[in-house]
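Here are some notes to read alongside the model, written for someone opening it for the first time. Keep the viewer handy and take the points in order.

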Amino acid sequence: MKKDNIWKTYSDEQIKEIEALCTGYRKFLDAGKTERECVKEIIARAEEKGYKDITEIEKSGTLLKPGDKVYSVIMKKAVILFNIGELPLSGGMNILGAHIDSPRLDVKQNPLYEEDEFAYLDTHYYGGIKKYQWVALPLAIHGVIVKKSGEIIDVCIGEKEDEPVVFISDLLIHLSQKQLEKKGSLVVEGEDLNITIGNIPLAGEKKNAVKANILRIIGERMDIEEEDFLSAELEIVPAGKARECGLDRSMIMSYGQDDRVCAYTSLEAMLNIDTVKRTSVCILVDKEEIGSVGATGMRSRFFENAVARILNASGNYNDITLRMALQNSHMLSSDVSAAYDPIYASAFEKNNAAYMSRGMVFNKFTGARGKSGSNDANAEYIASLRRIMDDNNVRYQTAELGKVDLGGGGTIAYILALYGMEVIDCGVAVLNMHAPWEVTGKADIYETEKGYEAFLKYNL
Ligand code: MN
Ligand code: MN
């Protein structure tokens, strides 16, 4: 049952493949730090490979046939790719699903204020974070501001060398005696996650002159006024690029690898495959980190609607075909796993932990304290996946997230399971999950991409 570090098994040729895949992955991470940016990048990559918007197919009235490749987007924040297979859709699809939202700080709707000659943006954090990790770091502002006219202004400040960054201040150690006696969750509190954005007063202004100066700058640069924050979605993320990590370059350190490491490997697998027997699907979805809510989260009907549209555009739509297409499907719900960390060994149960550089991770179940909230995959399904992985020489491991009573996590698996399809959680092990800078292993990324390709090609 023991798995080994897989690096020592690679040929020179495989090492080259790993480097090529991971170079592409770092570019993807740099191009997509928000769900909107990811969707843009995914569509551009898919269109290069011949994918077309389902809306265009519907307008043209041509019937979808095996080999056709289409995508469906919702509200610029989630996207589903379909590669139409030779077999009827009613027999089910092979589905990959991952999420493209990541923990971050969202700017509030009335965010801009001045205090003692500093201008600040007030935030509300998104997803689970250790708040104390987000102070004293260079931060960037990504997102959109939509004006009443409907004009959309894309914002990205702090990523280029010559652009300014912003930050949240922390109390100097010299005066922190009281702060450091607090428990971890209170060392930095949510209402103190305020982004420092300026300190120069506007000449001739008496009250809130620093804020006035900031408004002057953004007015000149982007032609917006303070009220336009009301219809903005601005996300504060760590500034800077994904980097190779470790003196042996075995790892990647970057913001947002939960769950873009699974999104990228799923997308790569999908785009690398040309013709398939069973229709293959790649769902890249928003809002997982806050419970898969909203129109662009997995609990929305847009996936079911997209499958209905595929059937309709194939000339086969009826309710029972749709239901059977969903129920007969097989899914890999791909999300990151907690990598075993020797420094925090007591949080893990060593025989059932995910280890970095031991390959793709399968989680039969997730959930917390008695598997609550989990999708629990069927033994029969796991057996067929073992066969697929072994037949294709994909290295994998099985794990659960930490010790039984310590906590747990959720994914999108249980939502797809509502259709009665076979679903299992799987993905890549991550160190410092949900921290501003997360770490993955290159070998695991490589094995996971191979595993996804093998899964999509299979007719279970
Ligand atoms: Mn995740
Ligand atoms: Mn997460």
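1. Start with Lys-69, which is buried, because its relative accessible area is 13% and the cut-off for buried is under 20%. Bear in mind while looking that this is a predicted model. The side chain of Lys-69 meets that of Asp-274 in a salt bridge, at 2.8 Å from N to O. Lys-69 sits in strand S2 (residues 69-74) and Asp-274 in the loop between H6 and S13, so the pair ties together parts that are 205 residues apart in sequence. Asp-274, for its part, counts as exposed, because its relative accessibility is 51% and the cut-off is over 50%.

2. Next, have a look at Lys-108 and Glu-191. They form a salt bridge whose closest N and O atoms are 3.0 Å apart. Lys-108 belongs to strand S5 (residues 104-115), while Glu-191 is in the loop between H4 and strand S9 (194-198), so this pair links parts that are 83 residues apart in sequence. Lys-108 counts as partly exposed, at 24% relative accessibility, and Glu-191 counts as exposed, at 52%.

3. One more pair to click on is Lys-371 with Asp-376, whose side chains meet in a salt bridge at 2.8 Å, N to O. Lys-371 is partly exposed with a relative accessible area of 37%, and Asp-376 is partly exposed too, at 34% relative accessibility. Elsewhere, salt bridges that share partners join Glu-19, Glu-244, Arg-249 and Lys-442 into one network. The structure holds 30 salt bridges.

4. With Asp-258 in helix H6 and Glu-289 in the loop between strand S13 (280-285) and helix H7 (302-313), the pair ties together parts that are 31 residues apart in sequence. Asp-258 and Glu-289 are both buried.

5. On to the inside. The largest nonpolar core has 56 residues, and Leu-81, Leu-332, Met-360 and Phe-362 touch the most other members. Helix H6 (residues 257-272) gives the most to this core, with 8 residues. Leaving aside residues up to four places away in sequence, Met-360 touches a number of partners, including Leu-332, Met-389, Val-394, Tyr-396, Cys-426 and Tyr-452.

6. In soluble globular proteins, nonpolar side chains tend to be buried together. Still, Leu-171, Leu-172 and Leu-175 make a nonpolar surface patch of about 280 Å². Leu-175 is in the loop between strand S8 (152-157) and helix H4 (184-187), and counts as exposed at 60% relative accessibility.

Conventions
Residues are numbered from 1 along each chain as its sequence is written. Chains are lettered from A and ligands numbered from 1 in the order in which they are written. This is a predicted model: local features need pLDDT of at least 70, side-chain atom pairs count only at pLDDT 80 or more; totals for chains, interfaces and linings use all residues. Side-chain values use heavy atoms; hydrogens and water are left out. A nonpolar core is a set of buried Ala, Val, Leu, Ile, Met, Phe, Trp, Tyr and Cys residues joined through side-chain atoms within 4.5 Å. Buried means under 20% relative accessible area, exposed over 50%, partly exposed in between (1.4 Å probe, protein chains only). Helices (H or I, at least four residues) and strands (E, at least two) are DSSP runs, numbered from the N terminus. Contact means heavy atoms within 4.5 Å. Patches are made of residues with over 30% relative accessible area and no salt bridge: like charges are joined within 9 Å, nonpolar side chains (Val, Leu, Ile, Met, Phe, Trp, Tyr) within 5 Å. Accessible areas come from the Shrake-Rupley method with a 1.4 Å probe; for residues, only the protein chains shown count as cover. A salt bridge is a side-chain nitrogen of Lys or Arg within 4 Å of a carboxyl oxygen of Asp or Glu.
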